[in-house]
Amino acid sequence: MKMWSWAAAAFALLILQTTSLGLFGGNLFFDLPLLFIYSIGLFYGARPGLFCGLVFGLLQDISSPAVFGFYLLTRGLVGYGVGSIKEMIFKNNYGYHVLIIGGISFVLRLLYLVPILCLAGLSEPVAFSYMKESVLYCLGNMLLVLPVTRICLALYRWIAEDDLTY
């Protein structure tokens with residue numbers, strides 16, 4: 001029954017992400033589903049990270065007016081990639097988490113620049129606005145990775161305390 005707490009946590013993060021749209025005027029400078037996918041991949045491995053990334057990516061693609069399939073692909077790859085290297089990441093060194101999520105956020109914003117260039121063209125005001133939003137997005141994710149990872153770690157330990165596999 002405790003495994004359903006992950007679904008509840010994911011639902012709570014989705015509610016927080018979608019209700020904050022009104023507070024920030026549509027320009028979000030953080031990505032809570034990305035941080036949750038990072039945590040799932042970090043604690044459970046590549047397959048659960050991939051599954052979580054695909055589910056969140058599909059939900060974001062359905063609800064977003066952007067290019068369909070972008071979030072599905074990138075979120076799935078992030079979950080799988082983090083799950084694949086989870087043994088190399090020190091889970092108790094939070095500086096690694098900040099740097100890794102900052103790098104992931106930067107790469108995602110660079111990848112999202114390709115559809116922006118194709119659809120809107122790159123003029124000076126668009127480029128400046130996009131770069132400003134990208135910096136704020138990376139910083140927002142870097143600031144929020146610690147609380148989200150700590151909450152997910154507490155949830156992981158709470159679920160694992162009843163697991164009596166020796």
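Gly53 has its place in helix H3, where helices (H or I, at least four residues) and strands (E, at least two) are DSSP runs numbered from the N terminus. The model is predicted, so local features need pLDDT of at least 70 and side-chain atom pairs count only at pLDDT 80 or more, while totals for chains, interfaces and linings use all residues. Residues are numbered from 1 along each chain as its sequence is written, and side-chain values use heavy atoms, with hydrogens and water left out.

At 0% relative accessibility, Gly53 counts as buried; buried means under 20% relative accessible area, exposed over 50%, and partly exposed in between, with a 1.4 Å probe and protein chains only. Leaving aside neighbours within four places in sequence, Gly53 is in contact with Ile37, Arg75 and Gly76, contact meaning heavy atoms within 4.5 Å. Tyr38 is 15 residues from Gly53 along the chain, and the C-alpha atoms of the two are separated by 8.7 Å.

Ser39 belongs to helix H2 and is likewise buried, at 0% relative accessibility. When residues up to four places away in sequence are not counted, Ser39 touches Val148, Thr149 and Cys152.

The wider setting is as follows. The protein chain has six helices and zero strands, and its elements run α-α-α-α-α-α from the N terminus on. Of its 166 residues, 39% are buried. Among contacts with a separation of 6 or more, 71% come from residues 24 or more positions apart.

The structure holds five aromatic pairs; rings of Phe, Tyr and Trp (its six-membered ring) pair if their centres lie within 6.5 Å, and planes under 30 degrees apart count as stacked, over 60 as edge-to-face and the rest as tilted. One of these is formed by Phe36 and Phe56, whose ring centres are 5.6 Å apart and whose planes stand at 70 degrees, so the pair is edge-to-face. Because Phe36 lies in helix H2 and Phe56 in helix H3, this pair ties together parts that are 20 residues apart in sequence. Phe36 is buried, with a relative accessible area of 2%, and Phe56 is buried at 3% relative accessibility.

Tyr44 and Tyr156 form another edge-to-face pair, because their ring centres are 5.2 Å apart and their planes are at 80 degrees. This pair links distant parts of the chain, with Tyr44 in helix H2 and Tyr156 in helix H6 (residues 124-160), 112 residues apart. Tyr44 is partly exposed at 28% relative accessibility, and Tyr156 is partly exposed at 28%. Phe43, Tyr44 and Tyr156 form one aromatic cluster.

Finally, the empty space can be considered. Rolling a probe the size of a water molecule over the atoms shows where such space is left. On a 1 Å grid over the protein atoms alone, a pocket is an open set of points where a 1.4 Å probe fits, with protein on both sides within 12 Å along at least five of seven lines, and lining residues have an atom within 4 Å of a point. The second largest pocket is lined by 15 residues, of which Trp6, Phe36, Ile40, Phe51 and Cys52 lie nearest its centre. Helix H1 (4-19), helix H2 (32-44) and helix H3 (46-63) each supply at least two residues of this lining, and H3 gives the most, with six residues.
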